[in-house]
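Subject: Structure handover

Hello,

Here is the structure you asked about. Please open it first, then read my notes below.

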Amino acid sequence: MTIFASDPRFLGASDSETIQNAVDHAEKSHAETLVIPRENPRTGAPLWVIERSILLPSDLCIMLEGAHLRLADGVIENIFRNKNAWTPLGNTAEGEQSGIRIIGMGQALLDGGKPNGMCEQLLRDNPGKYPSMLRNVPVFLHNVRDFEVRGIRFADARYWALTLMYCRHGRASELDFRMYGTLENQDGIDLRIGCEHIAVENITGITGDDTVALTALPLESDQATAGLVVKGKSVDIHDVTIRNVTSATHGNHLLRFLNENGAKIYNVTVTDVRDTGEAISGATILCGTTDPYLMTHPHKMGEFRNITIQNVISRAQRALDLCEPCEDLLIENVAAEQGTEMGIRLKENFVAKNVTIRNLVLSPTEPADCLVDTFCSTEAVADLHFENIRAENVRYLYRGTPLQIGELQATAPLCKTATSAHAQLASAYGRYFYTAYGKVIQNRPKDSRFS
């Protein structure tokens, strides 16, 4: 059975109340689908203003038929979240919901509207005073299986756009993002702790922060985890497939992996990641972190494993950033093109165990700084294997720790083959933000976006 939010029976004092009335009726009547049309019957306008989060039951498909839903000014709310999230029941295995679908048709749009002043640093400086930042995302699904989010454009999100936590056997696809770095942390899709057997496919647009992030951060002290740990469930992220990501970020990463404090990421396959170069990303692929705030308990060897990444086109400052231990990692078919300043960066905590980088071509239009900048020890890269690497138009082949690549085809470097000095690249993030974590970014390059 299908019902419509435009049915006069559901008319409420606000757009949120109207939609929630329809959702509640759908649950009681066991309707499979609720249609939200483009025209709002309460106002006659092609806009629904959301003042309170729409709480979704299990076994319901929300169909957005060209609908534009925008968060009201000043509120700290989701547009959609599952009804058990932030309840005692939702933090149990018995409270797992299922069968939730949010499907867009005909230019469906979820819009963050105007910023409301919320940011991560505000919460750090004022513990307990403000709600979780996850109350500030358009779509939040927690402890849900058999779900789907598809065919939607997200614009001007006030934080991450789509956040999944303890979700399994689901799909996020045909999603387009329009976030232009007006706020920090405007990620596209975040898979947080406990996500498994998920497909992320056909993602486009531009994001203020990471386009797709897999971040397993299990500590309750983390503001985005507090009060949301599901008792008895694993905090690992595993068996994830990511395909066809075509986007750009404002100084961040198209694909980010991050796991700390014993949480694991494993069995992940990534294919076809394309950086459009619409904005300057820090790195196309980032594995691990160097952020002191996130490095309190870095992951150990074996906790990030069995990862395959194929067919990457990079126009970021760095094509590949490997920052922490990696096991059974294969990265192949990488083309680092215009705008690339460095092919590969290997940071101090990186250690390789059966890691292969194959078929990488660094050929930027402007001279790149180097092919590889190695901060870690020679012992750390003993099990790192390079196959069929090509570099041209670079100042140096190697920076930092001495490193030799056997299967290397390279034109003569513009400066010299190797130097012990590390590259001093201007912050890509700083091109768009004056501050990060509440601190002024140093060495910030000029940008025509700002006076």
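The chain has 451 residues, and a compact globule of that length would have a radius of gyration near 22 Å; the value here is 23 Å, which agrees. Please keep in mind that this is a predicted model.

**Overall build**

Along its principal axes, the C-alpha trace spans about 75 × 50 × 40 Å. The secondary structure comes to two helices and 33 strands. Buried residues make up 58% of the 451. The chain exposes about 17,200 Å². Carbon and sulfur atoms supply 48% of that area. Now take the contacts between residues at least 6 apart in sequence: 73% of them join residues at least 24 apart.

**Salt bridges**

How many salt bridges does the structure hold? The count is 27.

K83 bridges to E27, with the closest N and O atoms 3.2 Å apart. This pair links distant parts of the chain. K83 sits in the loop between β7 (80-82) and β8 (97-98), while E27 belongs to helix α1 (residues 15-29). The two are 56 residues apart. K83 is partly exposed, at 34% relative accessible area. E27 is also partly exposed, at 35%.

E201 pairs with R243, and here the closest N and O atoms are 2.2 Å apart. E201 lies in strand β16 (residues 196-207) and R243 in strand β18 (residues 237-249), so the bridge ties together parts 42 residues apart in sequence. Are the two partners buried or exposed? E201 is buried, because its relative accessible area is 12% and the cut-off for buried is under 20%. R243 is partly exposed at 34%.

This pair also belongs to a network of salt bridges. The linked residues are R101, D146, E148, R150, R171, E174, E201 and R243.

R390 and E392 meet through their side chains in another salt bridge, at 3.3 Å from N to O. Both count as partly exposed: R390 has 35% relative accessibility, and E392 has 28%.

**Cysteines**

How many disulfides are there? The count is zero. C61 is in no disulfide, and the nearest cysteine sulfur, that of C167, is 16 Å away. C61 is buried, with 12% relative accessibility. C119, by contrast, is partly exposed at 32%.

**Backbone points to check**

Most residues other than glycine have a negative phi.

Best wishes

Methods
Residues are numbered from 1 along each chain as its sequence is written. This is a predicted model: local features need pLDDT of at least 70, side-chain atom pairs count only at pLDDT 80 or more; totals for chains, interfaces and linings use all residues. Side-chain values use heavy atoms; hydrogens and water are left out. A disulfide is a pair of cysteine sulfur atoms within 2.5 Å. Buried means under 20% relative accessible area, exposed over 50%, partly exposed in between (1.4 Å probe, protein chains only). A salt bridge is a side-chain nitrogen of Lys or Arg within 4 Å of a carboxyl oxygen of Asp or Glu. Helices (H or I, at least four residues) and strands (E, at least two) are DSSP runs, numbered from the N terminus. The radius of gyration is taken over C-alpha atoms; the globule rule is 2.2 Å times the number of residues to the power 0.38. Contact means heavy atoms within 4.5 Å. Accessible areas come from the Shrake-Rupley method with a 1.4 Å probe; for residues, only the protein chains shown count as cover.
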